[in-house]
Amino acid sequence: QVQLVESGGGLVQAGGSLRLSCAASGSIFRINVMGWYRQAPGKQRELVATITSDGSTNYADSVKGRFTISGDIPKNTVYLQMNSLNPEDTAVYYCTLQAKLTRLIPWYDYWGQGTQVTVSS
């Protein structure tokens, strides 16, 4: 069983910063991708950023230049540094990973429960 636990969310004023952390636990054979999605009220869940095991990153246009994703795959941990936050960033942020539990089974996507980020004006 895999568990993803996010931390670091909270309430900040516009222009402030937060760093989200996500730690995966359980029996994990190999991780391919870790990343972050977010879902604001009334909107669909959207990609924020991903990082692959070889270090390649991908960002949503809305966060480019403000957010930075980093990871420590051997420690099954991923981070999201969020700077210059604005109210439009308010959402529940979800950590995700794509991993294999054993060498012989397919890749699966796993999700955390989410952490609330609220940015006030």
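**Exercise 1.** In this predicted model, find the strand that holds Ser-21. Then decide: is Ser-21 buried or exposed?

*Solution.*
Step 1. Locate the residue. Ser-21 belongs to strand 3.
Step 2. Recall the cut-off. Buried means under 20% relative accessible area.
Step 3. Apply it. Ser-21 counts as buried because its relative accessibility is 17%.
Step 4. List the contacts, leaving aside neighbours within four places in sequence. Ser-21 touches Val-5, Glu-6, Ser-7, Trp-36, Val-78 and Tyr-79.

**Exercise 2.** Describe how strand 7 and strand 8 pair.

*Solution.*
Step 1. Find the sense. The two strands pair in the antiparallel sense, over 6 bridges.
Step 2. Pick one bridge. Phe-67 has Met-82 in strand 8 as its bridge partner.
Step 3. Look at the turn. The hairpin of strand 7 and strand 8 has 4 residues between the strands. There, Asn-76 takes a positive phi near 55°.

**Exercise 3.** Which residues have the most contacts inside the largest nonpolar core, and which strand supplies its largest share?

*Solution.*
Step 1. Size the core. The largest nonpolar core has 32 residues.
Step 2. Name the residues with the most contacts inside it. They are Trp-36, Leu-80, Met-82, Tyr-93 and Leu-97.
Step 3. Trace the strands. Those that each supply at least two residues of this core include strand 3 (18-25), strand 7 (67-72) and strand 8 (77-82).
Step 4. Find the largest share. Strand 9 gives 5 residues, the largest share of this core.
Step 5. Examine Tyr-93. Leaving aside neighbours within four places in sequence, its contacts include Trp-36, Phe-67, Leu-80 and Met-82.

Definitions and conventions
Residues are numbered from 1 along each chain as its sequence is written. This is a predicted model: local features need pLDDT of at least 70, side-chain atom pairs count only at pLDDT 80 or more; totals for chains, interfaces and linings use all residues. Side-chain values use heavy atoms; hydrogens and water are left out. A nonpolar core is a set of buried Ala, Val, Leu, Ile, Met, Phe, Trp, Tyr and Cys residues joined through side-chain atoms within 4.5 Å. Buried means under 20% relative accessible area, exposed over 50%, partly exposed in between (1.4 Å probe, protein chains only). Contact means heavy atoms within 4.5 Å. Two strands pair if DSSP finds at least two bridges between them.
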